[in-house]
Amino acid sequence: MRIRSRVLARLLKLPPADTAAVVVDRDLQVPMRDGTVLLADHYYTLHRPTAPTILVRSPYGRGGFFGLLFARTFAERGFQVLIQSCRGTFGSGGTFNAFRNEERDGLDTVDWLRQQPWFGGAMATVGPSYLGLVQWAVAAEASALKAMAVQVSSSEFRSLVYPSESFGLDTALTWIQSVSHQEESLLRQLLAGRRRAKEMQAAAMHLPLCETDRIVAGKRVGFYQDWLEHTTPDDPWWQEVDFSDTVSTLAAPVNLIGGWYDIFLPHILADYTRLRETGQRPYLTIGPWTHASPGAFSVMIRESLAWFRTHLLAESGLLREEPVRVFVMGRNQWRHFPDWPPSGYEAQPWFLQSGSGLGTQPPGDAQPDRYRYDPANPTPSVGGSSLSRNSGPRDNREVEARLDVLVYTSPALDQDVEVIGAVRAELFVTSSLPHTDFFVRLCDVDPKGRSINISDGLVRLSPGEPAVGDDGVWQIGVELWATAHCFRKGHRIRVQIAGGSHPRYTRNTGSGEPLATATTLIAADHAVYHDAQHPSAIVLPVKS
């Protein structure tokens, strides 16, 4: 066995390898229906020439990290692996057009695979992020598919591009910069690192957005321009790359893995729900991870191996008894449940109070709190969920000190408050502009005063939505991301309210101009009400 394989197995705490004698046939030519040829590498062992095949399709290359982690690791443990470069990447022909070709190319690859003399009749798919979308793209029509392992991904990517009907600027720019330069040498990428960080900062503040791809990628990126043009959820342009309807028709068992700070969290939970509604029994693991947390990869590989050995090799005793496993932050422990969301947690409102307070008793008479959101100086993102390094749990005290952020804090808790499930906010607000955003964040304040973000969400308002009440006040709902967190005794629960979180969500210009070409910035004056007639609150799923 290669030294790298042994080191990786030790780091990831993998089960022992069956063999070290892995053969690799590189640069196999796989023809697509339009004549384009995609390249693939085939990993196998001579003593199991027709073992089940694991298909990995990736836009990030076949060697290095992905070749070692997802190809050699599985081949050493009883499987064949075909790892393929997506169209227009790492030697494969054609042009890379994000999301658009993965169904056709994936199904053509499956057809080719079934014709190979070494194919034994059973296949599985595995991979995170983009490698998860390509799994869903073929899942409904690949009859040989016997199991799937989807990590930090989703069956549809529009919700990632347009989170809460805003635009995920930070994630979009980070990704297109990475993809545009990924085939450069490592040395060149290292030398360009500082310059590209400055390019990202410049692009985040640049308007119009239709010019920002040239700043971070050095060229026009066609699929980025398409994203900016096709803004509405009912636009037919997105239907071709939306595979969420196929989830309910799937027969193959699915293992899902996500993170509380991962960009795909709400979408992987939605896929879990779709599978459960059709009688499937998927396995779900959610850890304390961002999208690229190193600690997540160990869990991904171990669970995928157990999943595939169970469903493709008919081995028993490898899977946990309860299918849902989540990490409870604050307690820093794993918890197992029969389903998600777990039973035994009841919605409990924590009301905004006068004097920046937060409590379980409804508010009395109080004047609204006011702040001004200026898109020329947008409220910055601090931690949370994005592809950039500014992700995960962070101390929020600096952003909470800004004049454009309202903060409501409970007294020190006299007992633990365990929160597991969906979080939402119900606010009564007004704004001087019909085009505006409200951002809400839930934080845990420790005895030293550090305010750590736990969950958040944003709602984008437009003229007529929502309807104005008789008193001129809007009642809005903000869906925060689900969580599993224990606010410990002596800690405090905090809620932030702001007009945005930039560049995680692109700033609302306030002008109503088209997303791609907007340049006019108009400040908005916001008010948040918290009185007996307007009981604004954050609603937490608290252990009963």
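**Entry 1: α6 against α10**

I looked up the contact of α6 with α10 and found that L169, A172, L173, W175 and I176 in α6 meet F223, Y224 and W227 in α10. Contact here means heavy atoms within 4.5 Å. I sorted the contact of α6 with α10 by class: 8 residues are nonpolar, and no polar and no charged residues take part. The classes put Ala, Val, Leu, Ile, Met, Phe, Trp, Tyr, Cys and Pro under nonpolar, Asp, Glu, Lys and Arg under charged, and the others, Gly among them, under polar.

I note that this is a predicted model, where local features need pLDDT of at least 70, side-chain atom pairs count only at pLDDT 80 or more, and totals for chains, interfaces and linings use all residues. Residues are numbered from 1 along each chain as its sequence is written, and side-chain values use heavy atoms, with hydrogens and water left out.

Helices (H or I, at least four residues) and strands (E, at least two) are DSSP runs, numbered from the N terminus. Two packed helices are described by the angle between their axes and the distance between the axes. For α6 and helix α10 (residues 222–229) I have an angle of about 165° and axes 11 Å apart. Axes are lines fitted to C-alpha atoms, for helices over the stretch in contact, and angles run from 0 to 180 degrees between N-to-C directions. The pair α6 and α10 is therefore roughly antiparallel. The terms are set as follows: under 35 degrees is roughly parallel, over 145 roughly antiparallel, 65 to 115 roughly perpendicular, and the rest oblique. I logged the crossing of α6 and α10 as right-handed. A crossing is right-handed if the near helix is turned clockwise from the far one by less than a right angle, and left-handed if anticlockwise.

I went on to helix α6 (residues 169–181) and helix α8 (residues 193–204), whose axes come within 11 Å and cross at roughly 145°. The crossing of α6 past α8 is right-handed. On the α6 side I listed L169, D170, L173, T174, Q177 and H181, and on the α8 side R196, E199, M200, A203 and A204. This contact of α6 with α8 holds 5 nonpolar, 3 polar and 3 charged residues.

For helix α1 (residues 3–12) and helix α2 (residues 64–75), the axes come within 11 Å and cross at roughly 100°. That makes α1 roughly perpendicular to α2. R4, S5, L8 and L12 of α1 meet L68, L69, R72 and T73 of α2. I count the classes in the contact of α1 with α2 as 4 nonpolar, 2 polar and 2 charged.

**Entry 2: pockets**

I used a 1 Å grid over the protein atoms alone: a cavity is a set of points where a 1.4 Å probe fits but cannot get out, a pocket is an open set with protein on both sides within 12 Å along at least five of seven lines, and lining residues have an atom within 4 Å of a point. Grid points are joined across faces, edges and corners, and a volume is the space filled by probe spheres set on the points.

The largest pocket has a volume of about 1700 Å³. Its lining takes 48 residues, with T174, S178, L387, S388 and R389 nearest the centre. At least two lining residues each come from α2, α6, α7 (186–191), α8 and α13 (294–311). The lining of the largest pocket has 22 nonpolar, 20 polar and 6 charged residues.

The second largest pocket has a volume of about 770 Å³. Of its 36 lining residues, P266, H267, E479, L480 and W481 are the closest to its centre. I asked which element gives the largest share of the lining of the second largest pocket. The element is α12, with 7 residues.

**Entry 3: cavities**

I counted 7 cavities of 30 Å³ or more. The largest cavity has a volume of about 170 Å³. It is lined by 16 residues, and F157, L160, T171, W175 and L387 lie nearest its centre. The most comes from α6, with 3 residues. The lining of the largest cavity has 12 nonpolar, 4 polar and no charged residues.

The second largest cavity holds about 60 Å³. Its lining includes W260, Y261, N453, D456, W481 and R504. Here β17 gives the most, with 4 residues.
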